[in-house]
Amino acid sequence: MPGRNLLLAVLLVLSAPILGRAQQAGTGGIASGVAATPEYDAQHRPITAGGFVDHGTVMFKDITKQAGLSGWRHVMGTPEKNFIVETNGSGVCLLDYDNDGWLDIYLVNGSTFNALDGKETPPHAALFHNNRDGTFTDVSAQAGVTNDRWGYGCSVADYDNDGWPDIFVSNYGKNRLYHNNHDGTFTDVAEKAGVQLGNWSTGSAWGDYDGDGLLDLYVSGYVHFDRDNLPVSGSKAVGYSFCQYRGVQVNCGPRGLQGEPDHLFHNNGDGTFTDVTAKAGVEDKNRYYGFTAIFVSLSGDGKPDLVVGNDSTPNYLYINKGNGTFEDDSYLSGFALNADGREIASMGIAAGDYENNGLIDFFVTDFGDDYKVLFHNDGNASFTDVSYQAGVAQPTIPFVGWGDGFFDFDNDGWLDLFMVNGHVYPQVDRHDWGTTWAERPLYFRNVPDPRGKGRRFEYVPPVVGSGLADVIPARGAAFGDLFNDGKIDVVINPIDGPPVLLRDVSPDHHHWVELKLVGGVNPATGRKSPRDATCATAYLTANGMRQRRDVMASGSYISANDRRLHFGLGDATDAGTVEIHWPSGAKETVRLPAVDRIYTITEGKGITGALCGGNPCEAQAAHAAQ
């Protein structure tokens, strides 16, 4: 495997001048495959906005309006999308900002050039408080998190170990680090902390890379966008190349534009951070176009490794060496390129153990005319592209993929796959190319491979009127149990429109458990875990299987999912035993007493709380006894 990938790396260097979108003129384009044959449904609708069925199991219901979310609107540039800064859209983060046990929603907003110039009121980001009754209230103004800048991504972590989640927001312009004040409000401390940067940041990730108990911050950079030298087709800014998609002029980039470098910031423990990018061995020397970044411990030992999805350039995989530095295994691991030896237009990254073999796999979304890539973990940080074998390649080719996630939507103990989609060129709606600006999501159910070769994914067609039939220009997506009912819901942040909340209404009656992990001190070494247990790994043995879940502060497309670990149990009524590998290096085994509960487990103390139906189990039991 390593030899194969070294060969691919050599081929990449040799072929670099000719790599890229075949139908893209000049250098201002997106890396992808050759233009695919258009695909239409029986009504001659492009498959990206069609292919609906009249009957079938409804897995998701759109409850956006009922939940009170439809009044907020995402705005990014002009409808014409003349520049790449207007096309990529924004992320969404799920967090319990007030520690009431219920997930709240943070939606990042974009902006316009007129707003940046003070000619109009900037659009505001939204923090929606969970009212615990199926509805949400926008409290962003009171909370102080409106972010009047041009926003892209967000991530959630308790960086100062005070027990309250903080929010990092990446912008075109200076970034924000919203510190939680414990009273429903936040204070932007990015300048004081030294993480504001200044041009175009996209993704961010949190992890304690050096084991000092403090969460460090990685910020991915995208394009260096210069308003004084706008990337117009045929101009000097793009090397006088003409930026076209299928012969039609479109906005330029990212290829042909200068990239913005990534940064790793070390947490100093006093509210400030130090840039240690080069020192730690994660310097983005080629200035690739970075999007989603995730810290996750591939070996499950609490030492966070780093993965970065890069648009139209090779992906990064940095392995934590345990001494404060990383080894760049991007090519050797097989994660840099797809099976054809090509870089892809990586947008979103889903991380999860879909085979229940204890190894983290990655699903990476990509541009249209190219399949989306499932990287199977073969062990020892070696990955193989199994997209076609696993059934996710062919159905995804027409779609431009963004947010994605591995989650067990039917609680059968196997991670399913969900992705949201939307094109970047509004011009596609004026041509018969078999694709659309607004696209529907895709859902794949994890099923046994009929050939007896492990697991694969079965495409689930959209039932008319269901959430899967929503046709929207989606971008960010976050996944979590918003109603504390053991079902995983989806919040989508489309570009230029209201958010979408898809409630998991799967008809199954399977059991489940969820875990909120709280870090503590390793009694053997005295080492501390971050208080929010970022990069902890838990293995649940129940229902005859062993499942792995990891606490992650970021993922999908520049978004953040529910940090609580969710396990489906099928029909089992025994919740099983969980083995937790804490970031401090400690290992702890805890017996779970009952199913269908959300447990809080504190390092070294076992179970320290439990929710039943969203309320403390003790209170529920007392009420039932009356």
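Partly exposed describes a residue whose relative accessible area lies between the buried range, under 20%, and the exposed range, over 50%. The term is used in the legends below, which show close-up views of a predicted model.

**Figure 1. Salt bridge between Arg546 and Glu579 in the predicted model.** The closest N and O atoms of Arg546 and Glu579 are 3.9 Å apart. Arg546 belongs to strand 33 (residues 545–550) and Glu579 to strand 35 (residues 577–581), so the contact ties together parts that are 33 residues apart in sequence. Arg546 has a relative accessible area of 38% and is therefore partly exposed. Glu579, at 27% relative accessibility, also counts as partly exposed.

**Figure 2. Salt bridge between Arg227 and Asp117.** The structure holds 21 salt bridges, and the one shown here joins the side chains of Arg227 and Asp117 at 3.0 Å, N to O. Both partners are loop residues: Arg227 is found between strand 11 (216–221) and strand 12 (244–245), and Asp117 between helix 3 (113–116) and strand 4 (126–130), so the pair connects parts that are 110 residues apart in sequence. The relative accessibility of Arg227 is 31%, which places this residue in the partly exposed class. Asp117 is likewise partly exposed, with a relative accessible area of 39%.

**Figure 3. Salt bridge between Glu191 and Lys174.** A distance of 3.1 Å separates the closest N and O atoms of Glu191 and Lys174. Glu191 is part of helix 5 (residues 190–193), whereas Lys174 lies in the loop between strand 7 (166–172) and strand 8 (176–180); the pair thus links distant parts of the chain, 17 residues apart. Glu191 is partly exposed, its relative accessible area being 43%. Lys174 is partly exposed as well, with a value of 39%.

**Figure 4. Network of salt bridges involving Asp148, Arg176 and Asp188.** Salt bridges with shared partners join Asp148, Arg176 and Asp188 into one network.

**Figure 5. Antiparallel pairing of strand 38 with strand 39.** Strand 38 (residues 606–612) is joined to strand 39 by two bridges, and the two strands run antiparallel. Leu611 has Pro616, in strand 39, as its bridge partner.

Conventions:
Residues are numbered from 1 along each chain as its sequence is written. This is a predicted model: local features need pLDDT of at least 70, side-chain atom pairs count only at pLDDT 80 or more; totals for chains, interfaces and linings use all residues. Side-chain values use heavy atoms; hydrogens and water are left out. A salt bridge is a side-chain nitrogen of Lys or Arg within 4 Å of a carboxyl oxygen of Asp or Glu. Helices (H or I, at least four residues) and strands (E, at least two) are DSSP runs, numbered from the N terminus. Buried means under 20% relative accessible area, exposed over 50%, partly exposed in between (1.4 Å probe, protein chains only). Two strands pair if DSSP finds at least two bridges between them.
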